[in-house]
Amino acid sequence: MTKKEVVIDSGLVTYDIKDKEGRCFGQFTFNPSDTDILKRHGEVIEAFEKIEIPNAEGKDLVEELKRVDKFFYKQIDYLLGFDSAESFFSIMGPLSPLASGQFYIESVLDAIGQAISAETGERVKKISGKIAKHTSKYHRQ
């Protein structure tokens with residue numbers, strides 16, 4: 001039996017995840033052509049704003065942090081449509097406080113949001129150019 005294949009352009013984009021010193025510690029992939037990614041990004045931001053940050057002590061704190069970490073892992077994977085949370089959180093947990101005063105998860109969501117905006121913005125520009133090219137004859141007076 002002869003095996004054949006069809007290769008398509010899935011539109012997937014992969015980004016390296018780097019720290020400020022340029023060290024790569026992971027990657028994430030998403031499809032910026034997915035029209036639902038903006039909706040999911042908003043849903044994840046909303047979920048983040050609603051979650052209660054643990055303030056327990058001792059063993060209870062560890063269990064609460066595990067629960068919240070698991071929640072954020074699922075949210076990142078949901079947002080991107082891939083198992084990407086491990087890459088982001090391989091260096092620290094989502095609720096790790098940064099020098100900026102943000103939680104690490106906030107920095108992650110900001111970075112993902114910037115990547116989504118950059119990629120979808122480029123696609124909108126390309127599409128707008130094509131539409132303008134094809135409709136320009138109708139706008140001539």
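From the N terminus on, the elements of the protein follow the order β-β-α-α-α-α. That comes to four helices and two strands, taken as DSSP runs (H or I of at least four residues for helices, E of at least two for strands) and numbered from the N terminus. This is a predicted model, in which local features need pLDDT of at least 70 and side-chain atom pairs count only at pLDDT 80 or more, while totals for chains, interfaces and linings use all residues. Residues are numbered from 1 along each chain as its sequence is written, and side-chain values use heavy atoms, with hydrogens and water left out.

E1 (residues 13-18) and E2 run antiparallel and are joined by six bridges; pairing requires at least two bridges found by DSSP. Within this pair, Thr14 stands opposite Thr29 of E2. Five residues lie between the strands of the hairpin, where Gly22 takes a positive phi near 90°.

Next, the interior. Of the 141 residues of the protein, 28% are buried, meaning under 20% relative accessible area with a 1.4 Å probe, protein chains only. The largest nonpolar core has 23 residues; such a core is a set of buried Ala, Val, Leu, Ile, Met, Phe, Trp, Tyr and Cys residues joined through side-chain atoms within 4.5 Å. Strand E2 (24-30) and helices H1 (37-50), H2 (58-80), H3 (85-88) and H4 (104-139) each supply at least two of its residues. H4 gives the most, with seven.

Among the residues with the most contacts inside the core is Ile112. Leaving aside residues up to four places away in sequence, Ile112 touches Ile76, Leu79, Leu80 and Phe88, contact being heavy atoms within 4.5 Å.

How values were computed. Buried < 20%, exposed > 50% of the residue type's maximum accessible area, 1.4 Å probe, protein only.
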